[in-house]
Amino acid sequence: MLSATLIVTLMALLLAERDMRSVIGNQQFSLLTSIAAQVDAQMESRKVLLASLADTIPQAAAQDPAAMQAFIDRHPVARRQFLNLHIFNRQGVLLHTDGDHTSVTRHMPPPARDFLDRAMAAGKPVVSLPYKSEITGLPSIMILHPVRDAQGQVAMLLGGSIDLSNSNFLEQIAQQKPGETGYLFIMTRAGILVHHPDRKRLLAHINARPGYNRATEMALDGFQGWVEAANKDGSDGIYSYKHLASTGWIIGARFPVDEAFAPMIAMRQHAMLAAAAFAAVAGLVAWLAIRSLLAPLGRLQRHIANIRSGSADISVLQRRRGDEIGELGAAFHDLMAEREAAQSAIRDSESLISNILERAPDAFVSCENTGVVTKWNAAAERVFGWSSEEAIGRDIAELIIPPAQRAAHRAGMARFADGIPGPFVNNRVRVTALHRDGHEIPVELSIGALRHDGAYYATAFLHDVTERVQYEQQIAASEARFKQLARIDTLTGIANRLVFEEVLQQAILRARRNRKALALAYLDIDYFKEINDTLGHGAGDIVLKEFASRLVASVRASDTVARLAGDEFVIVFEQVANADEAARLAAKIVTAVRSPFPLEDAPRKVTTSMGVALHEGDDETCAELIARADSALYAAKRNGRDGFVVGD
């Protein structure tokens, strides 16, 4: 009640303060609008006065200081309205009043001369920007009016300067400041201060002081009206802004909030104290009444507390009163009886589930979404080496996740905590787990997600598949060995026919793509059948292996040597420039074979016959190229063997 009373009172006061702010802001803006009208009227009166002087000034006043002085003496009112009067003629000479006499200024600063030249060319009344007068040294502005000759041309400019620091009409305006500590100020659209209570800031930019004032920036952007904002010192105030029609300047006023709302602040304190006192008395009376009414509920609460602590059973809740409190106690008795029966059934079910999981043949682990283990069965103890007492309460990553996978695991758990299940949930995958002693275990993982009390829990069965992996590795190794055997000639250790056909096909494709020729050599061992018949197949095998070794040693790294069958061999020469290069490669091989072969009884001379065919271009197939090489081989045999023929 106390809080509600204080809140209602405070809200009412805040609404009143808001309305009061609006009233004060509107009043201040209305005052500023009136002041702006006064300033505009004063500026317009000076413009009219200067225009009337321009209509009557003699042309001689532009050249003769005495004539100008005589003219000024005839118009004392103008002399009082302006700090100085000036004439700027076509020759660039500036005549100005200085006290009671007229002087000539022949050397003006370039900015001043440039401004006067532009005003002369414009041919219309102009109000200058604020400046520091070179003549008086005072912050001033100047109103210029063109004076035309008989032909209607601008013969000179008549100007009247106004002292910004001691101007009578500005001082009168300053006296209309809001409150005791508020003040008025005037600045140009560019932010240059024309009038301010601190005269040191005149002609300086309003933002020359460090800091930020939101109201000032709004005014410079064109805002008119009132707004509440803090100044650069952090003090709140009500700011009002109005643009002057005569000059485009901005007239502003600041009314400190502390002063504007001082009566309201005092009233707020009194109202809050009164509301607090009233609420305290009313609350005490209400509390005593409610306490009497709620005494039966207090007894019911004590009964429930005694039941929870075990000092009483639920029989104390059975109806002993004939009113609503008695009915409530009886309802509590029935609910708690049902609750105890349900809890007993749940405990039995949980015990059964726990026993099933504990005796499961596979490791079972559950953990919170933070990764903390909550369940660790006997199978998990056997598989991973950690006891249940050691595992529960620890991070699952520290127990069974390999170090290289822990960062990814923790990132996945973070997504799981946010309700993103991830690819492993409700799927069976094979992963690697870590044993306590440091060795890795391949396991088959099945993960489920359980939501309980608003949080996610992960449950996992892990089956050790070490024996299965070992068997699979043995099968894979056997298959791999069968595939090295299928592509290598078992006797010589070089490529067999299958590899040769693949290499030749790829070599022809590369030759077509790179536009570089290739050559195919088809060769066999001269009189090999005689070696088998006279020396035996064992000697023949030795010759075949030595023959293959010499071929491999005689070719380039980019070439391929293969055994087709018996003593038939082929060589794929890639990037052969022409027939001459193919002949040199063939001659090298024939020479390498002529050296005696080491056999058990005695060294034996072995020779070879070779046919070479160059690939003839894009249209020739592998079979056609092999046929031409085979034809060249028979030509070499007809030539007497122990040599080669490069076919056409």
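Two strands count as paired if DSSP finds at least two bridges between them. Strands (E, at least two residues) and helices (H or I, at least four) are DSSP runs, numbered from the N terminus. With that in hand, let us look at this predicted model, in which local features need pLDDT of at least 70, side-chain atom pairs count only at pLDDT 80 or more, and totals for chains, interfaces and linings use all residues. Residues are numbered from 1 along each chain as its sequence is written, and side-chain values use heavy atoms, with hydrogens and water left out.

**Two open sheets**

Strands E8 and E9 pair in the antiparallel sense over two bridges; Ile-186 has His-195 in E9 as its bridge partner. Both strands belong to an open sheet of five strands with antiparallel pairing. Its edge strands, E9 and E10 (225–230), each pair on one side only.

Another open sheet of five strands has mixed pairing. Strands E19 (560–565) and E22 (643–646) each have a single partner strand, so one side of each is left without a neighbour in the sheet. E19 runs antiparallel to E20 (residues 568–574), and five bridges join them. Val-561, for example, has Ile-571 in E20 as its bridge partner.

| E9-E8-E12-E11-E10 | 30° |

**A buried threonine**

Where is Thr-188? Thr-188 sits in the loop between E8 (183–187) and E9 (193–195). Thr-188 counts as buried because its relative accessibility is 4%; buried means under 20% relative accessible area, exposed over 50% and partly exposed in between, using a 1.4 Å probe and protein chains only. Leaving out residues up to four places away in sequence, Thr-188 touches Pro-130, Val-194, Leu-220, Trp-249 and Ile-250, where contact means heavy atoms within 4.5 Å.

**The largest pocket**

A pocket is an open set of points on a 1 Å grid over the protein atoms alone, where a 1.4 Å probe fits, with protein on both sides within 12 Å along at least five of seven lines; lining residues have an atom within 4 Å of a point. The largest pocket is lined by 27 residues, and those nearest its centre are His-409, Met-413, Phe-424, Leu-445 and Ile-447. Among the elements giving two or more residues to this lining are helix H14 (406–417) and strand E16 (440–452). H14 provides the largest share, six residues.

Note on methods: Axes are lines fitted to C-alpha atoms, for helices over the stretch in contact, and angles run from 0 to 180 degrees between N-to-C directions.
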